Amino acid sequence: MTFAILTQKEFASHANSASYRSFMQTPEMASLLEKRGFKIQYVGWKTGTQITISALLYSIPMTGGFHIEVNCGPVITDRSHLQDFYQSLQDYAKNQGALELIIKPYDTYQTFNSDGNPISEPNQDYINELTHIGYSFDGLQTGYPGGEPDWHYVKDMEGITEKNLLKSFSKKGKPLVKKAKSFGIELKRLNRNELQLFKDITSSTSDRRDYQDKTLDYYQTFYDSFGDKADFMIATLNFHQYYTNLEKDQAKLAQKIEKLQKDLELNPNSEKKQNQLREFSSQFDTFEVRKQEAKEYIEKYGDKDVILAGSLFVYMPQESTYLFSGSYTEFNKFYAPAVLQEYMMLETIKRGIPRYNFLGIQGIFDGSDGVLRFKQNFNGYIIRKMGTFRYYPRPLKYKLISLIKKLLRRS
């Protein structure tokens, strides 16, 4: 039983055999990190020749030493020697000249239903496992500490088929997706030379929501590293085609109204048919408003396919992940992100992946989290990860350098 340096092949073989694992713990992510200037290393725990724990860790120079991190790992198939592994990581970090070692485990601390009510007990033992051997814990947090979420919204896909996917959505989600699909939105997978289109969407969204967007170079490197395990998708709409669809649907509605009017001539006291007529007449007027809006869009954009929204999806054997996204507020009324989400879940089903991870929410359930409200349409549940743990091989040196940095910022 021993801590070991692993080959990429050994790491990949073990990671692929695990029941849960993040895309952050893959050779594809290692490739991306190396291209971004990080040094990567595969490590693990062996019992004889069998690997029971593995991890991709990455390091980068910092003042006074190195920052070493295991993000969304390690990958575990047997927890028996997990504490030994964490302790060995401390020794490894010290030998590598690390000033700090960061661990962000992928273990679930607690599970909640879609509304944020707990459906499992908190697993304090997982936290104790690390703090007992000298890791400091950032604490259980909400929001996006360090820009990364500890709360994930997920949906189990086992037993769900292409035919019954829509039925699995929430009461609000079903009509939302149906309506979004009625507009004639088209989806397109971007090639590498088209990634500027994706970057434009995410830049617009980051400016609006005040967060730091990734660079075009990052997206290109991601594309190169993940290959067919990632989809950069955009949703587009041709407003000429949209107007034509509106006319067709309105014509069908006009036929229904005409039939109701004839029925009411024969039975004028039918309250049910009177209510239907009022509802259909209101829908007819709505079509008129939407047609006028469509004419304005046509005047502005002509006959081209206009981009409404975009998303980056990642596929792993254990789960698919909704990673980055963006949309243009001008087109919010078309609900394009809902169509993209349905596509991703259908693709997850086709690939036989058992779980879809919508990724981050704030972990605040007072109704203020709009991202959560959107994801709740798809009727999943919530898992809370453990958070962030830190170890300082040379704590006095770290404190001294931190103090000097603080003093320099003040001067």
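The talk below goes from the whole chain to single residues.

Modeller: Before we start, this is a predicted model, in which local features need pLDDT of at least 70, side-chain atom pairs count only at pLDDT 80 or more, and totals for chains, interfaces and linings use all residues. Residues are numbered from 1 along each chain as its sequence is written, and side-chain values use heavy atoms, with hydrogens and water left out.

Colleague: What share of the 411 residues of the protein chain counts as buried?

Modeller: The chain has 12 helices and 16 strands, and its C-alpha atoms fill a box of roughly 90 × 45 × 45 Å along the principal axes. Buried means under 20% relative accessible area, exposed over 50%, and partly exposed in between, with a 1.4 Å probe and protein chains only. By that rule the buried share of the 411 residues is 50%.

Colleague: Which strands are the edges of the open sheet of 8 strands?

Modeller: Two strands pair if DSSP finds at least two bridges between them. The order is β7-β15-β9-β14-β13-β12-β11-β10, with mixed pairing. An edge strand pairs on one side only, and that holds for β7 (108–112) and β10 (186–189).

Colleague: Which residue in β13 is the bridge partner of L312?

Modeller: L312 belongs to β12, where F232 stands opposite; β11 and β12 pair in the antiparallel sense over 9 bridges. On to β13: 7 bridges join this strand to β12, again antiparallel, and a hairpin of 4 residues links the two. There, the partner of L312 is F324.

Colleague: How many of the 11 residues of β12 are buried?

Modeller: Helix α10 (residues 336–350) lies across several strands, among them β12, running at about 35° to this strand. That angle is between N-to-C directions, on a scale from 0 to 180 degrees, with axes fitted to C-alpha atoms, for helices over the stretch in contact. β12 is mostly covered, and the number of its buried residues is 10.

Colleague: Which elements do the buried residues of α2 pack against?

Modeller: Helix α2 spans residues 27–35, and its buried residues are P27, E28, M29, A30, L32 and L33. Contact means heavy atoms within 4.5 Å. The packing partners of these buried residues are α1 (8–17), β2 (39–47), β3 (50–62) and α7 (216–226).

Colleague: Is L408 buried or exposed?

Modeller: L408 lies in helix α12 (residues 395–410). Together with L400 and I404, L408 makes a nonpolar surface patch of about 300 Å². Because its relative accessibility is 57%, L408 counts as exposed.

Colleague: How far apart in space are K167 and N379, C-alpha to C-alpha?

Modeller: K167 is found in the loop between β9 (151–156) and α5 (173–181), and since its relative accessibility is 67%, K167 counts as exposed. In sequence, K167 and N379 are 212 residues apart. In space, their C-alpha atoms are separated by 10.0 Å.

Definitions and conventions:
Patches are made of residues with over 30% relative accessible area and no salt bridge: like charges are joined within 9 Å, nonpolar side chains (Val, Leu, Ile, Met, Phe, Trp, Tyr) within 5 Å. Accessible areas come from the Shrake-Rupley method with a 1.4 Å probe; for residues, only the protein chains shown count as cover. A salt bridge is a side-chain nitrogen of Lys or Arg within 4 Å of a carboxyl oxygen of Asp or Glu.
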